Amino acid sequence: MLLGTRPDSIAVIPDFKGSVEFQFDEVISEGTQASLGLGTSDLERLIILSPTSLVPHISWKRTSLAVAPREGWKPGRVYRIELRPGVMDIQRNRLDSGAVVTFSTGAPLPTRTLRGTVIDWQAGHPARLAMVEALLLPDSLSYRSLTDSSGHFEIGPLPRGEYLVYGVIDQNRNLKRDFRDNYDTTRVQPDSENVATLWAAPHDTVGPRLTGAAPLDSAAAELTFSQPLDPFQEFDSTNARVLELPDSTSVPVTTLLTRVLDDRIQTQLRASADSAGAGDTAAAADSGRMALDSARAAAQERMKQGGNRAQDDSVKAIMSQRPPLTDKLVVRVAGILKPGTRYVVFVTGVRNVSRVPSDSRQLLNIPVKPPPAADSLAASPDSIRTDSTRNSTRTDSIPPAPKP
């Protein structure tokens with residue numbers, strides 16, 4: 001059990017010296033390695049000291065923990081020392097609660113609390129144990145904490161002022177915003193305590209490129225990209241070109257959509273065809289256009305809701321504010337993709353989540369359908385031999401992009 005802290009929280013101590021101490025009722029475990037200032041020991045991972053980005057000095061004193069900033073206590077600042085749940089005694093019994101000590105070395109007492117939610121947009125769920133960093137402007141003093149199991153956070157009391165708040169998927173748990181970490185940021189005015197929902201996503205200055213293409217059905221192929229795409233970008237047939245090899249014959253493209261929209265439209269088309277009759281192609285075409293318009297209208301409505309970035313306590317309501325991220329698109333062509341034929345797919349102007357566009361291309365191999373099982377037993381060895389030349393995926397055989 002945690003018995004108390006020194007000093008008491010919410011106090012003004014202009015000439016504070018020494019360390020902040022957390023006192024327990026019995027001997028606690030130092031962990032598997034000593035705290036050497038690298039941020040890797042068991043105890044160092046349980047302490048978040050703000051406002052500093054350096055790993056603090058942590059001393060183990062049998063029944064207490066002593067914490068001090070590596071650069072020393074600075075005058076005129078508000079300090080926040082958070083002890084995370086996880087302290088264990090020497091019998092490995094774990095303390096499931098934490099504590100926060102906040103005091104001032106001369107600055108006015110803090111009264112502000114920031115509350116919000118971090119969503120792991122790429123994974124599609126609330127971000128558990130995401131790092132929250134609140135930068136007090138204009139001095140960029142950094143106050144940090146972690147989200148709970150539902151992605152919510154509450155960090156305070158903090159000094160009054162304008163904040164730039166980050167929600168970071170801290171993959172290596174070093175309590176820093178690294179270059180590869182997914183994150184989102186928003187500005188919070190001095191008169192507000194509610195932070196807009198933070199949608200942590202990759203931020204890449206290089207646009208997405210095609211990494212794979214595979215047949216989806218007789219008239220469509222699924223395209224895979226190197227990173228998640230802008231979920232609010234609307235595509236049309238001009239964003240993709242399909243050429244049949246080896247003669248580079250152009251194949252008309254009908255749609256380029258996300259997998260979710262394509263599945264929805266194909267389901268509605270099949271239902272319309274069943275109800276209208278197989279011969280009524282005009283009705284089926286009208287249904288397809290209506291399905292596409294309906295799907296895009298729904299996406300635009302979600303974009304408007306996401307633009308409001310409204311704070312909501314319901315996780316389900318928060319997740320419904322924006323469409324999920326995806327790294328896949330479906331390209332459909334007029335007619336069919338011929339078995340045993342190779343195609344090259346070009347895409348242009350496709351944006352990532354940071355809205356950086358790029359153009360790329362990828363080979364698409366349509367395999368030959370295997371013969372029926374009953375015939376395969378009687379088939380000669382020559383009739384079932386695979387033509388490895390036709391299905392080759394050598395990238396040096398991809399023709400250059402055609403001129404518009």
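Reader: I would like to begin with L364: is this residue buried or exposed, and how should I read the percentage attached to it?

Author: The cut-off to keep in mind is that a residue counts as buried under 20% relative accessible area and as exposed over 50%, with partly exposed in between. In this predicted model, L364 has a relative accessibility of 2%, so it counts as buried. L364 belongs to strand β24, which covers residues 357-366.

Reader: Which residues does L364 touch, once those up to four places away in sequence are set aside?

Author: L364 touches A213, A214, P215 and A221, and also L337, T341, R342, Y343 and V345. One of these contacts, A214, is 150 residues away from L364 along the chain, yet the C-alpha atoms of the two are separated by 6.2 Å.

Reader: To which strand is β24 joined, and by how many bridges?

Author: Strand β23, residues 341-351, is joined to β24 by 9 bridges, and the two strands run antiparallel. To find one point of this pairing in the structure, look at V350, which stands opposite S358 in β24. The two strands form a hairpin with 5 residues between them, and in that turn R355 has a positive phi of about 65°.

Reader: Where does R62 lie, and what is its phi?

Author: R62 is not a glycine, but its phi is positive, at about 60°. The residue is found in the loop between β5 (57-60) and β6 (64-68), and because its relative accessibility is 52%, R62 counts as exposed.

Reader: And how does L129 read, in its phi and in its accessibility?

Author: L129, also a residue other than glycine, has a positive phi near 60°. L129 lies in the loop between β10 (125-126) and β11 (131-136), and its relative accessibility is 24%, so it counts as partly exposed.

Reader: Turning to the peptide bonds, which residue is joined to P7 by a cis bond, and which one to P246?

Author: R6 is joined to P7 by a cis peptide bond with an omega of about 0°, and P7 is found in the loop between β1 (2-6) and β2 (11-12). L245 is joined to P246 by a cis peptide bond with an omega of about 10°, and P246 lies in the loop between β19 (240-244) and β20 (249-251).

Reader: Going back to β11, what is the strand order of the open sheet that contains it, and which strands stand at the edges?

Author: The open sheet has 4 strands in the order β12-β11-β14-β15, and their pairing is antiparallel. At its edges stand β12 (141-146) and β15 (183-188), each with a single partner strand, so one side of each is left without a neighbour in the sheet. From one strand to the next, the twist averages 20°. Within this sheet, 6 bridges join β11 to β12 in an antiparallel arrangement, and the bridge partner of L135 in β12 is S142.

Reader: How does L109 count by its accessibility, and which residues make a nonpolar surface patch with it?

Author: L109 also has its place in the loop between β8 (99-104) and β9 (112-120), and its relative accessibility is 39%, so L109 counts as partly exposed. Together with I10 and V12, L109 makes a nonpolar surface patch of about 230 Å².

Reader: Finally, how many helices and strands are there, and what percentage of the residues counts as buried?

Author: The secondary structure comes to 4 helices and 24 strands, and 44% of the 404 residues count as buried. Among contacts between residues at least 6 apart in sequence, 66% join residues at least 24 apart. The protein exposes about 20800 Å², and carbon and sulfur atoms supply 52% of that area.

Note on methods. Residues numbered from 1 in each chain as written. Predicted model: local features only at pLDDT ≥ 70, side-chain atom pairs only at ≥ 80, totals over all residues. Heavy atoms only, no water. Patch = residues over 30% accessible without salt bridge, like charges linked within 9 Å, V, L, I, M, F, W, Y side chains within 5 Å. Areas by Shrake-Rupley, 256 points an atom, 1.4 Å probe, with all protein chains shown as cover. Salt bridge = Lys/Arg side-chain N within 4 Å of Asp/Glu carboxyl O. Buried < 20%, exposed > 50% of the residue type's maximum accessible area, 1.4 Å probe, protein only. Contact = heavy atoms within 4.5 Å. Pairing = 2+ DSSP bridges. Axes fitted to C-alpha atoms, helices over the stretch in contact; angles between N-to-C directions.
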